[in-house]
Amino acid sequence: MKNRIDSIHADGIARDLRWPPVAVERHIGKARRYFPYHNHNYYEISFTFQGEHFLKIGNQQVAYGTGEICVIAPDTMHLIHPAVFESEMSEADEVWVIGLAPDFLQKPLIGRRSAIVVLMGEMQEHLRNNLQLLFEELAEPETNWELVQPLLTVTLEMIRKPIARAEAQHLICDRSDLYLCDILEYIRIHCCEDVSVPDLTGQFNISRSSLMRMFRNGLDLSPIAYRIDWQISVACRLLLEGGLSIQQVAQATGFQDVYYFSTMFRRRMGISPGQFQKSVELDLHRDCQYKNQHEKEQAQS
């Protein structure tokens with residue numbers, strides 16, 4: 001079974017979609033969608049054709065999965081994690097993600113809400129086809145933006161009506177506090193430097209009680225728990241890239257004790273760093289087999 005994440009213009013997402021204004025990811029197989037609290041200045045639109053996840057904003061948690069669309073507004077502090085552990089994930093998982101710069105739209109995709117979940121319903125196959133066409137067009141060496149624009153417009157228009165109905169019926173979450181976003185950005189930049197609560201109160205001229213209340217109301221986490229979450233996300237990226245031992249990854253992410261690192265990793269990911277590393281190696285082997293088979297089939301045709 002194929003198990004891969006294909007990205008188009010992934011470097012655009014890394015640059016907060018300054019250019020190009022749209023990016024597409026296609027998660028096939030056991031899609032690892034665990035992202036500690038973060039924010040970005042573009043819309044994130046997830047189309048889950050198979051799989052189950054949780055979206056968390058502040059102390060509110062929303063489940064979404066097969067047959068649903070999750071839209072997250074720009075500058076919204078959020079966390080996404082799978083509803084099941086890696087070992088329990090379906091081999092048939094399929095998640096498409098669009099990153100979209102708000103300037104690309106004539107009108108906002110969602111109104112006052114920071115995030116919303118709606119059903120695909122009868123649009124499911126049409127959406128999959130549109131996403132496939134959009135993905136293929138963006139994959140071209142010379143992207144035809146005159147073709148991308150109508151494809152994207154049609155896709156967005158298909159989901160605007162269910163979004164409008166959902167916004168009229170209930171409210172999902174309020175927008176995040178921008179001051180908190182600045183603090184979290186500081187923690188992310190310095191996450192491997194053992195940033196403490198006194199460091200944060202001094203850096204941002206805020207009392208300890210105000211800081212803790214802000215984190216509790218905004219994230220339902222402590223500052224240290226958030227820092228560890230982000231350290232684990234960095235560790236996952238290093239393990240995905242390969243080339244480092246578990247002890248080296250622990251040290252690179254600010255953990256002086258590899259056993260403590262392993263405990264924190266398992267608590268958040270559901271598996272040990274070693275198991276995660278082995279699953280990555282297996283995925284890469286499968287990806288290589290899939291690529292070789294695909295190239296062989298193309299050569300024969």
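Two strands count as paired when DSSP finds at least two bridges between them. Keep that idea in mind as you look at this predicted model, because strands E2 and E9 meet that requirement with seven bridges, running antiparallel. The protein chain has 301 residues, and 50% of them count as buried. Its secondary structure comprises 10 helices and 10 strands. Here is a friendly tour, starting with the whole chain and then moving to particular strands, helices and loops.

**The whole chain**

- Take the contacts between residues at least 6 apart in sequence: 73% of them join residues at least 24 apart.
- The accessible surface of the protein chain is about 15,100 Å². Carbon and sulfur atoms account for 50% of that surface.

**Strand E2 and its partner E9**

- Strand E2 covers residues 22–28, and strand E9 covers residues 94–100.
- How many residues of E2 are buried? Seven of the seven are, so E2 is largely enclosed by the rest of the structure.
- The side chains of E2 point two ways: Val22, Val24, Arg26 and Ile28 go one way, while Ala23, Glu25 and His27 go the other. Residues on both sides of the strand are buried.
- Histidine 27 belongs to this strand. Its relative accessible area is 1%, and the cut-off for buried is under 20%, so histidine 27 counts as buried.
- The side chain of histidine 27 makes a polar contact of 3.1 Å with the side chain of glutamate 25.
- Glutamate 25 also has a bridge partner across in E9, namely valine 97.

**Strand E10 and its partner E7**

- Strand E10 spans residues 115–119, and strand E7 spans residues 68–72.
- E7 and E10 run antiparallel and are joined by five bridges.

- Leucine 184 sits in helix H4, a helix that runs over residues 178–189.
- Is leucine 184 buried or exposed? With a relative accessibility of 0%, leucine 184 counts as buried.
- Leaving aside residues up to four places away in sequence, leucine 184 touches Met77, Phe215, Leu219 and Tyr226.
- One of these, phenylalanine 215, is 31 residues away along the chain, and the two C-alpha atoms are separated by 9.6 Å.

**Helices that cross**

- Two packed helices are described by the angle between their axes and the distance between the axes.
- The axes of H5 and H6 come within 10 Å and cross at roughly 105°. An angle of 65 to 115 degrees counts as roughly perpendicular, so that is how H5 and H6 are arranged.
- On the H5 side the contact is made by Val197, Leu200 and Thr201, and on the H6 side by Arg208, Leu211 and Met212.
- What angle do H7 and H9 make where they pack? Helix H7 (residues 223–241) and helix H9 (residues 258–269) pack at about 90°, with their axes 10 Å apart. These two helices are therefore roughly perpendicular to each other.
- The contact involves several residues from each helix, including Ile228, Ile232 and Leu239 of H7 and Phe261, Met264 and Phe265 of H9.

**Loops with exposed residues**

- Most residues other than glycine have a negative phi.
- Aspartate 194 has a positive phi of about 55°, although it is not a glycine. Aspartate 194 lies in the loop between helix H4 and helix H5, and it is exposed, with a relative accessible area of 52%.
- Asparagine 205 is not a glycine either, and it has a positive phi of about 50°. Asparagine 205 is found in the loop between H5 and H6, where its relative accessibility of 74% makes it exposed.
- Aspartate 103 belongs to the loop between E9 and E10. Its relative accessibility is 76%, and exposed means over 50%, so aspartate 103 counts as exposed.
- Aspartate 103 and tyrosine 42 are 61 residues apart in sequence, while in space their C-alpha atoms are 8.9 Å apart.

How values were computed
Residues are numbered from 1 along each chain as its sequence is written. This is a predicted model: local features need pLDDT of at least 70, side-chain atom pairs count only at pLDDT 80 or more; totals for chains, interfaces and linings use all residues. Side-chain values use heavy atoms; hydrogens and water are left out. Helices (H or I, at least four residues) and strands (E, at least two) are DSSP runs, numbered from the N terminus. Buried means under 20% relative accessible area, exposed over 50%, partly exposed in between (1.4 Å probe, protein chains only). Contact means heavy atoms within 4.5 Å. Accessible areas come from the Shrake-Rupley method with a 1.4 Å probe; for residues, only the protein chains shown count as cover. A polar contact is a pair of N or O atoms within 3.5 Å; within protein, one must be able to donate a hydrogen and the other to accept it, and residues adjacent in sequence count only if both atoms are side-chain atoms. Axes are lines fitted to C-alpha atoms, for helices over the stretch in contact, and angles run from 0 to 180 degrees between N-to-C directions. Angles under 35 degrees count as roughly parallel, over 145 as roughly antiparallel, 65 to 115 as roughly perpendicular and the rest as oblique.
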